[in-house]
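Hi,

Here's the structure I promised to pass on. Have a look at it first, then read on for what turned up.

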Amino acid sequence: MTDHAGSPDAERAPKIDTTVPHQARVWNYLLGGKDNHLVDERAGKAVLAAAPGLVAMARASRVFLTRAVRYQVEQAGIRQFLDIGTGLPTANNTHETAQALAPESRIVYVDFDPLVLVHARALLTSDPLGATDYIDADLRDTEKILHLSQRTLDFTRPVGIILLGILGAIESYAEARVIVRTLLDAVPAGSYLLVGDGTNTSEAMVTAARVRNESVKPPYIVRSPEQIAGFLDGLDLVEPGVVSFPHWRPEPGSAQHPAHVDGYGGIAYKR
């Protein structure tokens with residue numbers, strides 16, 4: 001990971017509250033990770049009581065990310081990624097997938113969570129032929145993200161933008177679409193956009209989101225598959241389009257996930 005020791009991000013001392021459920025730690029619990037506390041486990045169990053299939057959805061989203069990044073590197077020649085809403089590091093992070101295929105790949109992770117900042121600095125280390133950086137910023141602060149990304153990324157060349165599990169944290173759909181458009185306007189033709197979020201495709205998922213939002217902040221909005229597809233309007237969709245995570249270019253014999261989960265995603269190309 002590149003070291004910007006003099007930057008405001010590096011100098012800020014993170015303040016981590018372990019007395020209330022924490023969105024990144026709850027998600028870590030759902031993924032089977034160990035970077036969570038009893039309060040996060042309790043919140044996670046309450047959500048799972050409403051939607052037991054949420055664990056499968058969380059894991060399927062990670063597999064979708066890996067396949068989509070691999071597609072962009074192998075078939076589209078993308079060598080730069082802007083991954084916003086990183087979350088706590090887990091297996092097959094974006095830089096690991098990309099640099100395993102193309103060691104010169106450059107990745108910028110973005111998250112506003114102080115706990116993620118601590119772990120990212122320790123664990124998101126780059127291949128020496130490429131670069132990995134971390135920006136402490138909220139998705140809404142797109143100008144800051146775009147400005148600081150230029151420490152690592154070259155915006156005259158195609159970029160793969162990743163917005164996985166983060167647009168649901170923007171309560172206003174109209175605002176979320178403006179954010180997406182601002183990011184897309186900053187990257188050149190040949191760039192890709194990956195989106196994916198939990199969906200309101202079952203009553204259980206809608207209930208789980210309500211239960212989660214009672215204790216975990218900020219709230220998370222589950223939207224329809226059509227709304228998620230709307231984030232890709234004006235771009236060229238990569239087949240099979242916006243689908244339930246396990247349906248996006250599944251590998252032969254990949255039976256470790258159910259045929260359908262309440263999470264949809266896809267990627268598209270900017271002409």
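First, a term you'll need: a residue is called buried when its relative accessible area is under 20%. Keep in mind that this is a predicted model.

Let's start with the aromatic rings. The structure holds six aromatic pairs. In one of them, Phe64 and Phe245 are stacked, with 5.2 Å from centre to centre and 25 degrees between the planes. Phe64 sits in helix α4 (residues 54–74) and Phe245 in the loop between β7 and β8, so this pair links parts that are 181 residues apart in sequence. Phe64 is buried at 0% relative accessibility, and Phe245 is buried too, at 1%.

What about Tyr71 and Tyr192? Their planes are at 75 degrees and their ring centres 6.3 Å apart, so that pair is edge-to-face. Tyr71 belongs to helix α4 and Tyr192 to strand β5 (residues 192–198), so here the parts tied together are 121 residues apart in sequence. Tyr192 has 9% relative accessibility, so it counts as buried, and Tyr71, at 13%, counts as buried as well.

Arg249 lies over the face of Trp248, 5.5 Å from the ring centre.

Now for a pair of helices. The axes of α2 (residues 23–30) and α3 (residues 38–50) come within 9 Å and cross at roughly 65 degrees, and the crossing is right-handed. The residues of this contact are six nonpolar, one polar and four charged. Among them are Tyr29 and Leu30 in α2, and Val39 and Leu48 in α3.

Cheers

Definitions and conventions: Residues are numbered from 1 along each chain as its sequence is written. This is a predicted model: local features need pLDDT of at least 70, side-chain atom pairs count only at pLDDT 80 or more; totals for chains, interfaces and linings use all residues. Side-chain values use heavy atoms; hydrogens and water are left out. Axes are lines fitted to C-alpha atoms, for helices over the stretch in contact, and angles run from 0 to 180 degrees between N-to-C directions. Helices (H or I, at least four residues) and strands (E, at least two) are DSSP runs, numbered from the N terminus. A crossing is left-handed if the near helix is turned anticlockwise from the far one by less than a right angle, and right-handed if clockwise. Contact means heavy atoms within 4.5 Å. Ala, Val, Leu, Ile, Met, Phe, Trp, Tyr, Cys and Pro count as nonpolar, Asp, Glu, Lys and Arg as charged, and the others, Gly among them, as polar. Rings of Phe, Tyr and Trp (its six-membered ring) pair if their centres lie within 6.5 Å; planes under 30 degrees apart count as stacked, over 60 as edge-to-face and the rest as tilted. Buried means under 20% relative accessible area, exposed over 50%, partly exposed in between (1.4 Å probe, protein chains only). A charge sits over a ring if NZ of Lys or CZ of Arg is within 6 Å of the ring centre and within 35 degrees of the ring normal.
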